[in-house]
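Hello,

I am passing a structure on to you, with some notes on what turned up in it. Please have a look when you get a moment.

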Amino acid sequence: MAQNITTKDLTEISELLEGENLAYKKCVSYAAMTIDPVLREKFGTFACHHRGRYQKLLTFLISAQG
């Protein structure tokens, strides 16, 4: 089922993708920098959540093209 996606929609989704990717990279970086195992685990969890949202947005874009 093809959906009509406007240029504005694409711009907003692109910005969301960039934000999720940046948040993922920051969480991974912070996890690598900390020596506290609890914080390392939290940052790892946050990174996984951001990566998951990124993948969902990307999947939506791909399915909307079809």
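What should the 27 residues of helix α1 (residues 7–33) span, at 1.5 Å a residue? The expected span, 1.5 Å times one less than the number of residues, comes to 39 Å, and the end C-alpha atoms of α1 are 39 Å apart, which agrees. Helices here are DSSP runs (H or I, at least four residues), numbered from the N terminus.

Before going further: this is a predicted model, where local features need pLDDT of at least 70, side-chain atom pairs count only at pLDDT 80 or more, and totals for chains, interfaces and linings use all residues. Residues are numbered from 1 along each chain as its sequence is written, and side-chain values use heavy atoms, with hydrogens and water left out.

An α-helix has 3.6 residues a turn, so residues three or four places apart point the same way.

Between α1 and α2 there is a loop that holds Thr-34. Thr-34 counts as buried because its relative accessibility is 14%. Leaving aside residues up to four places away in sequence, Thr-34 touches Leu-39 and Arg-40 (contact means heavy atoms within 4.5 Å).

Finally, the cysteines. Searching the whole structure gives zero disulfides (cysteine sulfur pairs within 2.5 Å). For Cys-27, the nearest cysteine sulfur is that of Cys-48, 9.7 Å away. Cys-27 is buried, with a relative accessible area of 9%, whereas Cys-48 is exposed (over 50%) at 56%.

Best wishes

Notes:
Helices (H or I, at least four residues) and strands (E, at least two) are DSSP runs, numbered from the N terminus. Buried means under 20% relative accessible area, exposed over 50%, partly exposed in between (1.4 Å probe, protein chains only).
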